[in-house]
Amino acid sequence: MQEQVRFMHMALELAGRARRAGEVPVGAVLVLGDAVVGQGHNASSARNDPTAHAEVLALRDACQRIGNYRVPGATLYCTVEPCLMCLGAALHARVARIVYGAPDLKVGAFGRLDALRALGADFNHRLEAVGGVEADAAAALLLDFFKERRALATVSRSGPRQSGEVPKWS
């Protein structure tokens with residue numbers, strides 16, 4: 001359990017970097033053995049890339065470093081329950097385990113994965129999922145971020161907007 005907390009704290013630091021960059025605060029680290037081989041934080045806005053989620057970027061980083069698109073035996077630590085895209089990437093990369101902090105009731109993948117399996121869907125790889133590690137800290141980052149964004153949106157709606165101005169987080 002202490003190992004999970006240690007690596008989750010690294011992911012939380014990356015989530016903080018995302019927040020400071022104006023991105024949704026999600027961070028991820030990929031660990032093989034006891035070494036971090038990949039890391040990432042959300043960067044969809046900065047990269048103009050809808051796939052630039054923390055988990056995908058951590059997988060890309062690791063795969064470039066090790067020279068293989070598969071990382072069997074690896075554990076992916078992410079601050080928030082991964083979406084279906086990120087879970088799919090982890091399945092294709094043959095990640096052994098995902099450890100996440102806060103659950104995501106809107107787009108979290110693990111409940112949907114169970115529903116797909118109940119309907120008969122099968123996958124050529126299975127992984128273990130562990131949720132709730134440092135969940136309060138991860139949830140607080142998200143709640144604060146979106147509270148701040150709502151406050152900024154309220155202020156911007158009450159004042160004049162320059163033509164063509166689009167909020168960065170839209």
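Visitor: Where is Asp-49 found?
Guide: Welcome to a predicted model, where local features need pLDDT of at least 70, side-chain atom pairs count only at pLDDT 80 or more, and totals for chains, interfaces and linings use all residues. Residues are numbered from 1 along each chain as its sequence is written, and side-chain values use heavy atoms, with hydrogens and water left out. Helices (H or I, at least four residues) and strands (E, at least two) are DSSP runs, numbered from the N terminus. Asp-49 sits in the loop between helix H2 (44–47) and H3.

Visitor: Is Asp-49 buried or exposed?
Guide: Buried means under 20% relative accessible area, exposed over 50%, partly exposed in between (1.4 Å probe, protein chains only). Because its relative accessibility is 18%, Asp-49 counts as buried.

Visitor: Leaving aside neighbours within four places in sequence, which residues is Asp-49 in contact with?
Guide: Contact means heavy atoms within 4.5 Å. With those neighbours within four places set aside, the partners of Asp-49 are Ser-44 and Arg-60.

Visitor: Which elements do the buried residues of H5 pack against?
Guide: The buried residues of H5 are Ala-109, Phe-110 and Leu-113. They fall within an arc of 95 degrees seen down the axis of H5, so they line one face of the helix; the arc is that of the directions from the helix axis to the C-beta atoms. These buried residues of H5 pack against H4, S4 and strand S5 (128–130).
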